[in-house]
Amino acid sequence: MNNLSSAMQNVASPTLSDLRRSLAEAALRTGPAATGRVGFGAAEIDAALSGGLERAALHEIYAAGAADVAAATGFALGLALRAVQGEAAGSERPILWARQDFVDAETGRLHAPGLNELGLDPARLLLVRARDAEGVLRAGAEGARCPALGAVLIEPWGEPRAFDLTASRRLSLAAEGSGVPVLLLRVAAAEAPSAARTRWQVRALASRALEANAPGVPAFALRLLRQRGGAAEREWRVEWDRDRRTFAERSLFDRSDRLASRTDHAAPLSRPLVPLSGDGQVAADGRDSGLRRVG
């Protein structure tokens, strides 16, 4: 399971054995685990986090809605890439990604060229796919205990019963013991108590077009929902720079953001109107209310 194409298999006992063997081999090829914090590269965010995310900790990332799953995934991957930043080319620690099959069915499988566009060489990814949340959490826990990894991404679907406060504490303790940042990507889930050091909500932003109207870089609206021992409820808008592997703050007064906010709200109507049912029914008592369907 040393690359994206060969690692797409379901978690069962033999696969967990394969994962343990892969992690043991990785441990032989790497030195001591990195220490310190994982900075964003954006001064204001890093200052609010006292230098960045604590490396040896569990962090939660929530998609604000169904349309924001890809954005939350991209943000989590950006943090994972920041965690391995600074190592010599070709010797970066691998990233373990434990993903539930249902996420693939609902949002699509990971695409190697797309990962490469974000700055991740697919050969540095250990991908484990599991049929259920229990398998995802078992694989993630195995990785969280391995100091040879650069980061661990765990992506179950929804709100599995297997993930409770006790399970989150186990992941947190494993991260503290290994020094590896564990990023729990929550898809189709509501906030719940956990042992996470920080909790983030991510919403997609429209990218700013480049020259010749080429697609711009990924952009995210971030909201820090929780920071243990620190201030929370802070918001930022950032962009991901693939070449530099860093987040850059985006001004609230960017022209593209003003245009987006302008189109988010329809112009006021000249008279009161309400939507009617698809068959054009009027009031239940048969009287015409004088209101007409629009749109």
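pLDDT is the predictor's confidence in each residue, from 0 to 100, and a contact means heavy atoms within 4.5 Å. Keep both in mind, since what you have open is a predicted model.

**Colour by confidence.** The chain averages a pLDDT of 82, with 76% of the residues scoring at least 70. Now select residues 1–14: pLDDT stays under 50 here, and the model gives this stretch 44 contacts beyond four places in sequence. Then jump to residues 258–295, where pLDDT is also below 50 and the model has 14 contacts beyond near neighbours in sequence.

**Go to strand β5, residues 125–130.** Six of its six residues are buried, so the rest of the structure largely encloses this strand. Show the side chains: L125, L127 and R129 point one way, while L126, V128 and A130 point the other way.

β4 and β5 run parallel, joined by six bridges. Which residue of β5 is the bridge partner of Q100? Pick A130 and you have it.

**Switch to the aromatics.** There are ten aromatic pairs in the structure. Zoom in on F40 and W200: their ring centres are 5.4 Å apart and their planes sit at 40°, so this pair counts as tilted. The two come from distant parts of the chain, 160 residues apart: F40 is in the loop between β1 (37–38) and α2 (43–48), and W200 is in strand β8 (residues 198–205). Buried or exposed, these two, F40 and W200? Both F40 and W200 are buried.

Note on methods:
Residues numbered from 1 in each chain as written. Predicted model: local features only at pLDDT ≥ 70, side-chain atom pairs only at ≥ 80, totals over all residues. Heavy atoms only, no water. Buried < 20%, exposed > 50% of the residue type's maximum accessible area, 1.4 Å probe, protein only. Helix = DSSP H or I, 4+ residues; strand = E, 2+ residues; numbered from the N terminus. Pairing = 2+ DSSP bridges. Phe/Tyr/Trp six-rings, centres within 6.5 Å; stacked < 30°, edge-to-face > 60°.
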